[in-house]
Structures are given as C-alpha cells and as structure tokens.
Amino acid sequence: MNLALDTPMVLVLLPLALLPLIFAVQRSQGYPSLTAIERDPLSRAVDVGLHLLGAVAIGALIAAIGGVHLRGQTIERVGEGAHVVLLLDRSRSMDDTFAGRPPGDGEASKSAAARRLLRDFIERRPHDRFGVTAFSTLPMYVLPITSHKDAVLAAVEAITRPGLAYTNVGLGLSLALSMHEQDPTAASRAILLVSDGAAVIDRRVQERLRAQIAKRPVNLYWLYLRTAGAPGIFDKPAPDVPDTPQALPERHLNLFFHTLKVPYRAFEAENPKAVADAIAEIDKLERNPIRYQERIPEKDLSWLAYAIAAAALTLLLLAKLAEVRLEAGGAGAPAAAPAARPVARATTPVREAA
C-alpha cells in the first residue's frame, strides 16, 4: 500500500475508534424481562452495524485530519519513440523569410515556421525525451535531455529571438553529441539539425565528431531551410563554380555527414509545407520501442476520508432519530399494563351472623 499521512502523529488518536465498539451507540432502556423478547437477527445485525459505523466515522476523521494520501511513484512503461536532441541554427539569416527578406505582413520567418512545426512534432510524441541546443558563432547549451515537455516547448519558443551573426555547425553538433553521451539509457538516439546554412568544419572538429559518433552512434537528420536562390545541398555545382567547402559549404556538409557511417537523412525545404512534410517523415522514422518512466503524482485522499466520515455520521444520526422511547409510549412500545384498582378496605364491622 502506498498510503501515507502528512501528519503521522494523529495516529495516537486512533484508539478512539474503538469506543463505539465498547459502549452502546443507542440509548439503553429498561425492560421488565428480556426472556419475553424473541430473538431478532435483523435487529442484532443493525446493532453491530451501528457500532461499526461509529468506529469507521472516527477512524475516517482521524485519517482526514492527518492528511491521508497516496504516495507519488514512478512506473516504467514501454512505448514508441526516441531521445532526440534538437540542434537549432540561431544565425541572423533564420530571422528572414524563405524568400531571403525580413518578414512582412502575413509572412513568417524561417525560425517562426520551424518553431511552429517543431512544437507540433514534440506534442505528437508523448514518450520521447528531448534535449535542445543551439549554435551561432559558438554552441549554446539550452536544455538537457528531459521528459518535461513544457520546458522543451519553452526552449523551442526561444528560437524566434533575434539571432547572431555566424553559423558554427561543427561545434554545435559536437555539443549535441555530448548530450547523448551523458544519457545512460539504451533508447534510440537521434539529432535533428535545423539550419538554413552551413560553414566549413575544420579538420580537428571533424575528427572530434567522428570520435564522438563512434563512441555513441546516433541517427542524424538535417532539415535544411533553403532560401530562394541559395545553392541546394543535393545540387551539383556549375562548371564555373569550384566544388570546395568554402564555395559550397551546404553541399560539403551533406557529403561530410554521409561519411560518418550512421543512419543519416537530409531534407531540403523551401517553404513551410516542405518543412511540415520533412518533420512528418522524421516522425515516422523515429518509432522504435522505448522504455520510459511515467511519474504518477501524489494523490490527496482527505476529501474521500471526510466523505466516508460524513456518510457514517449521517447514518448514525438517522438511526438516532429512529429510536423509540419505550417509557414514552412510542409506536413500537408494548402497551402498558392497566393499573390495578385499589381494593377498598371495609370500615364497617361485619355483623356476624347469628
């Protein structure tokens, strides 16, 4: 049993619940002879029931005063989902629309569109645990992997704040991988990179990323929010464009991700609908069995104890009102014997017969 009391000291009053079992619940009344009363099992049962009601009423009141409750507990369950780290681009260009200009009337910036769709993605996955990190000039540790969805949604909401200048995706990805390294569970792990650009990752950072992924493999997804006119990550360069990381950083970041030897998918979205389709596809892919902890909060039972005490006291009150006072000649009282007429004593001397 997980029952507990806020104030256990009230248990010293619990012997009071025995009083109705010891003393009569209803008024005692005299009767000339008990042998004249026939055995009545129903009345006996009612009498025992009234004694028990008194004990229950006192016990329930003591429990209610003491703050009886069910303890909170944690239960392990099995569902579908994953542990996902959201890696969000906070560069200044995310504040522009997909057309590459500041949002006007009725237009949404890339960060606002991503925020709305990520909120839907998080709310559709009740068993997932999420972590949030961001990057611009440097990586930003926002929220560790957690099951508190309100905190995750608040962290995602913050991506609409004005961004900074640069895109250092290499260090951001390294920070996201380190968050998974701190997660000891065997759940499926994934990183969702949301970015509208890329930058050159130097060789030392590349080696660090390879070492981290070898230590803790993850499923990697890149949602590329492509601005109109920007080069695509799958496009081959024109003959007059050098195929180098400096000239085409997005293309070469995609190629680098393919060399990491982990499950990797890239999605190129040029409008909010394409972003929604990409997130829906990721939602389908990350449906692996997962063990998760469900926290059951403490449950107050004082109201129930008060209700039980009130019901028992109500029944006792009704029983008290239904009592019949025999000496008052109630409806159920036996008829009183007629008073004996006094015999008059003769005051005149009886004349003896002659």
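Predicted model: local features only at pLDDT ≥ 70, side-chain atom pairs only at ≥ 80, totals over all residues.
Residues are numbered from 1 along each chain as its sequence is written, and side-chain values use heavy atoms, with hydrogens and water left out. Local features need pLDDT of at least 70 and side-chain atom pairs count only at pLDDT 80 or more, whereas totals for chains, interfaces and linings use all residues.

**First stop: α2 and α9**

Select residues 41–65 (helix α2) and 302–321 (helix α9), whose axes come within 8 Å and cross at roughly 150°. Helices (H or I, at least four residues) and strands (E, at least two) are DSSP runs, numbered from the N terminus. Axes are lines fitted to C-alpha atoms, for helices over the stretch in contact, and angles run from 0 to 180 degrees between N-to-C directions. The crossing angle makes α2 roughly antiparallel to α9 (over 145 degrees; under 35 counts as roughly parallel, 65 to 115 as roughly perpendicular and the rest as oblique).

Next, display side chains. Ala, Val, Leu, Ile, Met, Phe, Trp, Tyr, Cys and Pro count as nonpolar, Asp, Glu, Lys and Arg as charged, and the others, Gly among them, as polar.

**Second stop: the sheet**

Now select the 6 strands that form an open sheet of mixed pairing, in the order β6-β5-β4-β7-β8-β9. Its edge strands are β6 (139–146) and β9 (264–269), each pairing on one side only; two strands pair if DSSP finds at least two bridges between them. Within the sheet, β4 (residues 83–89) and β7 (residues 189–195) run parallel and are joined by 6 bridges. Pick Leu86 to find its bridge partner in β7, Leu192.

Helix α4 (residues 149–157) lies across β4, β5 (129–135) and β6, at about 160° to β6. Helix α7 (residues 249–258) lies across β7, β8 (219–225) and β9, at about 170° to β8.

**Last stop: α3 and α8**

Finally, select helix α3 (residues 110–123) and helix α8 (residues 272–285), which pack at about 30° with axes 10 Å apart. The two are therefore roughly parallel to each other. Their contact includes Arg116 and Phe121 of α3 and Ile279 and Asp283 of α8. Its residues divide into 9 nonpolar, no polar and 2 charged.

Technical notes: Contact = heavy atoms within 4.5 Å.
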